[in-house]
Amino acid sequence: MSSTNRFYTFSYHGASNDKLLIEQEWEKFVSGCSAPINVRPFMFHSWKRCLEQGIDPHLIQIPYSLGTDQIQEYVTSDPLFRMVKPLLIKLKQYAGNTGYLVTFSNPAGEMVYCDGDLSLKLKAEDIHLSPGANWSESSAGTNGIGTSLVTGLPLQVFASEHFCQEIHEWTCSAAPIRDPGTGKIAGIVDLSGFWTANDPRTLAAVIRTAREIESLLYNQLRIERLRLAQYFVDLTHRTTLPLAVLDRAGRVVKASPILYEKGWISPEHSLEPPSFAKESLSSTTTWEMTDNLENKRWLFELSPYYYGGEAIGSVVHALPPEIRVSPSLPDFRHFPTSPTLENNKAASEERTAAQPAPFYQSLFRHHPDAIFAYDLQGFLLEANPAAERLLGYDANELSSIAVCDLACPDSKELKRKAFAQAAGGMQQEFEAVFRHKQGHSIHAMVNSFPIIMNNEIVGVFETVRGIQPNHQQMAEDLKLTKEQLEFYLSNTEDAILVVDADFHIVKVNQACERMFGWTEQELLGKEPPMVPGHLESENEDMRNHMLRSRHVIPYETVRQRKDGSLIHVNHCAAPLFDSKGSAAAYVLISRDITALHQMHDMLIESEKRLRTLINSMPDLVIFKDDQGKWLEANNTAIGALNLEKIDYQGMTDRELASCNPFYRETFIKCSLSDRRVWDKGSLIRFQEIIPHPGGRSTILDIIKVPIYHGDGRRKGLIVIGRDITELKQTEELLRKTEKLAVVGQLAAGIAHEIRNPLTTLKGFLSLLQSATTATNIWYLEVMLSEIEQMESITDQLLTVARPQTIRMEKRNLEALIRQVSSFLYPLATMHNVQISVESDSSDLLVECEENQLKQVFINIIKNAIEAMPQGGQIAMKVRRSGDFVSVQVADSGCGIPQNRIARLGEPFYSLKEKGTGLGLMICYKIIKEHKGTLQIDSEVGRGTTVEIILPL
């Protein structure tokens with residue numbers, strides 16, 4: 001954003017975007033960010049100066065440093081402003097209807113002039129962009145006026161380039177005016193408007209105006225130097241003493257050759273020592289210098305030179321040693337002319353006797369304006385006939401009058417100040433009211449300027465012109481204004497009271513009577529009775545604020561009706577100023593906003609109810625704006641996504657993902673699904689699994705609904721998520737139940753078909769028992785035992801098909817396990833597997849159906865053997881834990897993947913090539929019937945541990 005052009009004009013690439021980018025840089029700077037600041041170099045240096053000077057970047061209003069009287073005195077007496085004002089009016093015409101104000105500030109950065117559109121001026125007063133405010137950089141931070149004063153360059157400060165945030169809505173183009181005589185900045189011309197105006201020509205306009213003013217000043221300086229040179233020639237014809245004339249900057253215009261010869265004038269045309277030459281032009285200064293050649297001291301006297309009532313330079317007289325030490329010699333620095341004025345009454349008569357030349361005497365006596373001549377003590381020396389006619393006094397009566405005796409009381413102080421300024425060499429112009437001899441008042445325009453004789457101020461002239469106001473036009477204007485005011489007061493719905501400076505009511509409109517219940521007659525002359533007792537202190541504070549402020553004060557409060565009821569009002573207090581700028585009355589405007597407050601309260605209550613409803617819902621509810629930023633979320637959503645300690649409002653899903661690493665994947669998926677919603681433009685529905693710390697997961701049924709404005713623009717997004725984890729589990733259980741029903745039917749058929757041949761075999765073996773020898777009887781017993789085992793298995797298959805009544809008996813769990821171990825010993829040996837049984841007690845009795853528990857342990861141990869085709873170790877541990885007993889069966893086989901463990905026990909789900917999944921299903925069923933639990937823990941490559949817990 002840096003600019004290399006001479007006058008630091010801001011280069012627009014897109015005002016809104018530029019303003020935003022600069023504001024981001026400003027925020028980085030005021031927050032102390034160490035990153036490089038990408039703004040124009042001179043702007044960055046100005047920000048640094050503001051920071052070093054302690055300027056508050058959040059300053060709301062620029063301070064005032066000039067009062068109304070000081071501003072009026074400046075604009076009426078300052079010669080530069082009299083020259084500048086026509087060009088400011090010209091600049092205003094050029095900038096008319098462009099949204100810019102024309103301002104002028106003095107060399108201290110204090111604004112003394114502001115003109116432009118009235119509505120813009122009223123808005124500008126919010127930041128004190130008005131006369132009297134101090135816009136120097138040390139007071140107002142970076143701004144066109146103050147920064148131009150510091151840099152001495154014309155420049156434009158665009159929007160957020162201002163150091164104080166409150167001024168970011170404005171753009172200022174300012175150019176300094178340099179006095180070519182002194183080289184110093186004499187003032188600042190500025191065009192200020194809202195940043196949206198975006199007219200880059202404003203800087204060129206203020207530069208052109210400043211150059212025109214500087215051109216006028218240069219011409220004035222050139223003429224002044226010519227007059228000083230002519231005055232030097234006149235003086236050299238009347239004296240032989242060395243002398244020099246200097247311009248306003250202290251530069252030598254002409255000088256006697258001896259001053260050059262003695263080296264008292266430098267090559268830069270400045271008189272040594274230069275500090276004396278640059279003293280105030282309105283004072284006389286003396287000093288001494290040594291002649292190095294003769295080693296003698298010379299006396300130098302500097303006195304101002306007046307032309308046209310203003311000091312345009314100075315005259316320096318050099319007195320050689322032989323003259324300055326001779327007290328009997330006359331004063332060679334002054335030349336015989338008319339006698340100077342003395343400050344006493346006797347001398348006044350003598351001075352009056354010295355008549356001016358006939359030409360000037362005619363001008364004085366026949367001038368249509370009243371002319372008064374005063375000495376420096378304020379005593380009247382002479383008045384012309386027009387003054388006698390204006391005030392009704394004759395010459396003798398006027399001769400005994402002092403400067404303030406003729407003015408009315410209200411104008412005495414103003415007249416006294418103007419006289420003092422004129423006596424100091426400053427021309428004054430003002431309005432005053434004089435008292436006629438007959439007692440009536442006379443409004444007049446007064447010009448005061450010094451009487452200069454022999455280049456010294458010896459008195460003050462006043463020219464007075466009576467102002468005859470157009471009473472008829474004033475009456476018509478007043479009548480029109482009154483009619484407009486009465487129309488507004490009668491037709492507005494706002495209650496309006498006008499109170500005087502003592503806060504006594506002087507005017508009440510009909511709306512006020514309707515709103516509060518009092519009639520105008522009941523209120524006139526009283527203080528407003530509408531303030532409730534509990535708000536008296538607040539009302540007193542507001543009164544004090546009104547007395548201090550010169551601006552409109554809006555605020556909300558509560559007021560009381562005549563019947564005692566309270567209403568909410570939007571209150572506004574504004575001062576009314578008299579001709580002196582003092583607050584003579586105050587207008588109090590009240591608007592009844594009780595219904596608005598009730599609606600607001602209802603809205604808040606409705607919002608509370610809605611929030612309570614949303615927070616009580618078990619579903620996740622999230623509201624987002626059109627940019628995907630979170631606006632609100634109910635407690636369920638906050639808890640589900642662990643957002644309790646995160647200020648989520650205003651953050652997007654991706655920002656939340658960076659704040660909550662565990663749910664990062666969840667938020668990224670959410671952002672992608674948001675994009676799908678906007679792409680589709682309508683509701684979408686899908687399911688998503690949300691993981692939680694601890695390994696638990698939640699299955700959500702999510703609905704996302706986009707919301708649009710009436711014109712089709714995006715407004716926001718509603719996200720609703722319902723926890724369907726239990727529903728999914730129920731569906732899974734139902735699916736397993738359906739499988740079990742099929743298995744039951746299949747098991748019933750298989751058991752029926754097996755039991756018939758088993759019964760036949762058992763019968764024939766019983767017949768063979770009597771005919772078998774003792775040697776072979778053992779084989780028959782083994783065969784009968786196995787047939788009984790097969791019958792037991794078919795009975796278990798039937799338990800899958802239909803519930804069966806089992807008989808529970810106390811059995812020794814350790815003995816039961818060792819029987820199963822012995823039974824499976826041959827099978828284990830064949831597979832090179834060793835089985836070990838370890839128990840911490842031999843009397844662990846459990847209530848069970850023995851054969852069913854055996855079947856459980858047989859199935860588990862067989863699975864363990866089959867899991868170790870290369871052989872291994874099966875460790876069985878029996879441990880007591882309170883009222884329960886735990887049996888762990890651990891192998892060192894291949895292990896089971898974690899994602900498959902959850903499905904073990906489902907019918908027809910098996911990890912073995914020829915398995916049916918019925919074995920573990922029956923195990924789960926048997927353990928459940930024994931009021932126990934069966935848990936499987938496995939790690940691939942390290943083995944599996946099955947733990948069965950049974951009650952004792």
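Strand β14 (residues 441-453) and β13 run antiparallel and are joined by 8 bridges. Strands here are DSSP runs of E of at least two residues, helices are runs of H or I of at least four, and both are numbered from the N terminus. Two strands pair if DSSP finds at least two bridges between them. Within this pair, Ala432 stands opposite Ala444 in β14.

Before going on, a word on the source. This is a predicted model, in which local features need pLDDT of at least 70 and side-chain atom pairs count only at pLDDT 80 or more, while totals for chains, interfaces and linings use all residues. Residues are numbered from 1 along each chain as its sequence is written, and side-chain values use heavy atoms, with hydrogens and water left out.

Now the sheet around that pair. In what order do its 5 strands come? The order is β12-β11-β15-β14-β13, in an open sheet with antiparallel pairing. At the edges are β12 (380-383) and β13 (428-435), each of which pairs on one side only. From one strand to the next, the twist averages 30 degrees; axes are lines fitted to C-alpha atoms, for helices over the stretch in contact, and angles run from 0 to 180 degrees between N-to-C directions. Helix α16 (residues 409-423) lies across β11 (370-375), β13, β14 and β15 (456-466), and runs at about 140 degrees to β13. Contact, here and below, means heavy atoms within 4.5 Å.

Next, the sheet that contains β6. Here 5 strands form an open sheet, β7-β6-β10-β9-β8, with antiparallel pairing. Why is one side of β7 and of β8 left without a neighbour in the sheet? β7 (252-255) and β8 (285-291) stand at the edges and each has a single partner strand, so one side of each has no neighbour there. The twist in this sheet averages 25 degrees from one strand to the next. Inside the sheet, β9 (residues 296-307) and β10 (residues 310-319) pair in the antiparallel sense over 9 bridges, with Tyr306 opposite Ala311 in β10. Helix α8 (residues 201-238) lies across β6 (243-247), β7, β9 and β10, and runs at about 170 degrees to β6.

One more pair of strands. β18 (residues 553-560) and β19 (residues 566-577) run antiparallel and are joined by 8 bridges. Arg559 has Ile567 in β19 as its bridge partner. This hairpin has 5 residues between the strands, and Gly564 takes a positive phi near 95 degrees.

On to the whole chain. It has 31 helices and 32 strands. Of its 952 residues, 43% are buried, where buried means under 20% relative accessible area, exposed over 50% and partly exposed in between, with a 1.4 Å probe and protein chains only. Among contacts with a separation of 6 or more, 54% are between residues 24 or more positions apart. The chain exposes about 51400 Å², with carbon and sulfur atoms supplying 54% of it; that area comes from the Shrake-Rupley method with a 1.4 Å probe.

Now the cores. A nonpolar core is a set of buried Ala, Val, Leu, Ile, Met, Phe, Trp, Tyr and Cys residues joined through side-chain atoms within 4.5 Å. In the largest one, of 40 residues, those that touch the most other members are Leu813, Ile817, Leu853, Phe857, Ile874, Leu934 and Ile948. Helix α29 (residues 850-866) gives the most to this core, with 8 residues. Another core, of 35 residues, lies apart from it, and Phe29, Leu101, Phe158 and Ile167 are among its members.

Ala174 lies in strand β4 (residues 170-178) and counts as buried because its relative accessibility is 0%. Beyond its neighbours within four places in sequence, its contacts include Gly144, Ile145, Leu203 and Val206. Ala174 and Leu149 are 25 residues apart in sequence, and their C-alpha atoms are 9.2 Å apart.
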